[in-house]
Structures are given as structure tokens and as C-alpha cells.
Amino acid sequence: MSPKSFSPFGTTRELERQIDEFLDKISEGGLVFQRGLEAYLDLNRSLAEEKLTQISALEKRCDALRRAIETTLYTEMLIPESRGDVLNLLGDLDDLLDGFKHSLMGFVVEHPEVPQQFRAGIAELRDLVIEACEYTVKAARSFFRDSPAIRDHIHKIGYFEAESDNVALRILRELFDGDLPLSKKLHLRNAVRFIGEIADNAEDCGDRMMIFAIKRSL
């Protein structure tokens, strides 16, 4: 391994397994969120609640994996010059899963009314957010393997985040131009914002990954 090479995987296969599983769980959380919100929009509240429970279980597993990875990094004395960046990145990725949970919880617990005219737009917003998060996971896999593909993945995160902003703005304009009572408008606005914020967090995570990647190349 060259002096500037970052990947810890050549040192311990257990760390590779832990990080891969962590990233798998983040990706799985996005798919579960996607299915849970689809169920809510289809008025299948019981399935939406089931998916929320699944996300909570994934969150617990990711918390355990983060602790195990941190322990491995310190006890094996791996990449001390980049250890903080790795742990911060894992925290950023875990925030995506937290965003899935809190967004779906907002629907399952607060029951915002979603008129038929907004369901297609919210589904589109959801799917764009999931794309942004999927490319965040791909960028993280590239980051941990010191792959130049990270730049392409981070570019795509930005693209899907911008598209999600456009869709969210379109939904909100239509919402506040409509005839719903103000209380229902505000309730649905908050739900839309919670979804969009997940893509914002994905973009922030991608930006920090790029900074970390540049740092290790110097």
C-alpha cells in the first residue's frame, strides 16, 4: 500500500465486513422508507407502521456497527491520521437513516392529510431523495476503497438533491395556491420538508466526503 493509500481493508477483513454491512443497512433503510411512504400514500397505515419498525431496527444495528468500527479503529491502531474523518463520515451516513425514520414517523404518528393531487408529487420527491442517498452510499463505498469513482457519485448526489428541491418547491407552490385550510397546508408542508431535508443531508455528506478525499491525497 502506498503512503497515501487510505483504505483500512487491507489490514483487517473484519473491519471491511463491518463497514460493508453498515453501508448495506443505510441503503436498506432508504428502500424501507420508500416502501413505507408508498404504503402511507396508498392509505395502508398498518404497512407504513411496519416499515417504521423496520427502520428503527436498522438504526439500532447501525449504532452497534458504528461502535464496533470505532473500537476496531482504535484497538487495531488503524489510520490514526484519518480516523476522525472516518468516524465523522459514519455519523453523517447514520444521519440519513435517522432522516428516514423521522420523516416516516411524521406521517405514521401525525397523520397529515395528503390529497390525491399531491400524492404523485410526493412520490416523485421521495424517489429523488432515495436516488441521492443511494449515490451517497456508492460514494462512501468508493471512499473506503480509495476509488476515483467517488467524484462521479458525488456529482450525482448533487444532481438528485437539486431535482428534489425543484419538486418540493413545485409541491409547496401548488399547496399554498390551493384551497386547503391553512392548518392542513402547514401540516403537509412540514411533511414535505422532512422528506427534502434527507436529500440536503445526503449532499452535505457528499461534500464532506470530497473534502476528506482531497485531504488524504495531499
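**Salt bridges and packed helices**

Modeller: Arg 61 and Glu 21 form a salt bridge, and their closest N and O atoms are 2.8 Å apart. The model is a predicted one.

Biologist: What makes the pair of Arg 61 and Glu 21 a salt bridge?

Modeller: The cut-off is a side-chain nitrogen of Lys or Arg within 4 Å of a carboxyl oxygen of Asp or Glu. For Arg 61 and Glu 21 the N and O atoms are 2.8 Å apart, so the pair counts as a salt bridge. Arg 61 is in helix 2 and Glu 21 in helix 1, 40 residues apart, and the pair links distant parts of the chain.

Biologist: Why is Glu 21 called buried?

Modeller: Buried means under 20% relative accessible area. Glu 21 has 17% relative accessibility, and therefore counts as buried.

Biologist: And why is Arg 61 called partly exposed?

Modeller: Partly exposed is the range between buried, under 20%, and exposed, over 50%. The relative accessible area of Arg 61 is 33%, so Arg 61 is partly exposed.

Biologist: How many salt bridges does a search of the whole structure find?

Modeller: The search finds 18. One of them joins Arg 141 to Asp 24, with the closest N and O atoms 2.5 Å apart. Arg 141 lies in helix 4 and Asp 24 in helix 1, so this pair ties together parts that are 117 residues apart in sequence.

Biologist: How do you know that Asp 24 counts as partly exposed?

Modeller: Asp 24 has 40% relative accessibility, a value between the limits of 20% and 50%, so the term is partly exposed. Arg 141, with a relative accessible area of 25%, is also partly exposed.

Biologist: Which residues do Asp 92 and Arg 208 link, in terms of helices?

Modeller: Asp 92 is in helix 3 and Arg 208 in helix 6 (residues 182-217), 116 residues apart. Their side chains meet in a salt bridge at 2.7 Å, N to O. Asp 92 has 12% relative accessibility and so counts as buried, whereas Arg 208, at 35%, is partly exposed. Elsewhere, salt bridges that share partners join Arg 13, Glu 16, Asp 20, Asp 24, Arg 141 and Arg 145 into one network.

Biologist: Now the helices. Why are helix 3 and helix 4 called roughly antiparallel?

Modeller: Angles over 145 degrees count as roughly antiparallel. The axes of helix 3 (residues 83-110) and helix 4 (residues 116-144) cross at roughly 160 degrees and come within 12 Å. Helix 3 and helix 4 are therefore roughly antiparallel. The crossing is left-handed. Among the residues that make the contact are Leu 89, Leu 93 and Phe 100 of helix 3, and Ile 130, Thr 136 and Phe 143 of helix 4.

Biologist: How do the residues of this contact of helix 3 with helix 4 divide?

Modeller: Eleven are nonpolar, one is polar and none is charged.

Biologist: What makes helix 2 and helix 3 roughly antiparallel?

Modeller: The same cut-off of 145 degrees applies. Helix 2 (residues 45-75) packs with helix 3 at an angle of about 170 degrees, and their axes are 10 Å apart. Helix 2 and helix 3 are therefore roughly antiparallel. The residues of their contact divide into 16 nonpolar, two polar and ten charged.

Biologist: Where does Lys 25 lie?

Modeller: Lys 25 is in helix 1 (residues 13-41). Leaving aside residues up to four places away in sequence, Lys 25 touches Leu 58, Arg 61, Cys 62, Leu 65 and Leu 97.

How values were computed: Residues numbered from 1 in each chain as written. Predicted model: local features only at pLDDT ≥ 70, side-chain atom pairs only at ≥ 80, totals over all residues. Heavy atoms only, no water. Axes fitted to C-alpha atoms, helices over the stretch in contact; angles between N-to-C directions. Helix = DSSP H or I, 4+ residues; strand = E, 2+ residues; numbered from the N terminus. Parallel < 35°, antiparallel > 145°, perpendicular 65-115°, else oblique. Left-handed = near helix turned anticlockwise from the far one by under 90°. Contact = heavy atoms within 4.5 Å. Nonpolar A, V, L, I, M, F, W, Y, C, P; charged D, E, K, R; others polar. Buried < 20%, exposed > 50% of the residue type's maximum accessible area, 1.4 Å probe, protein only.
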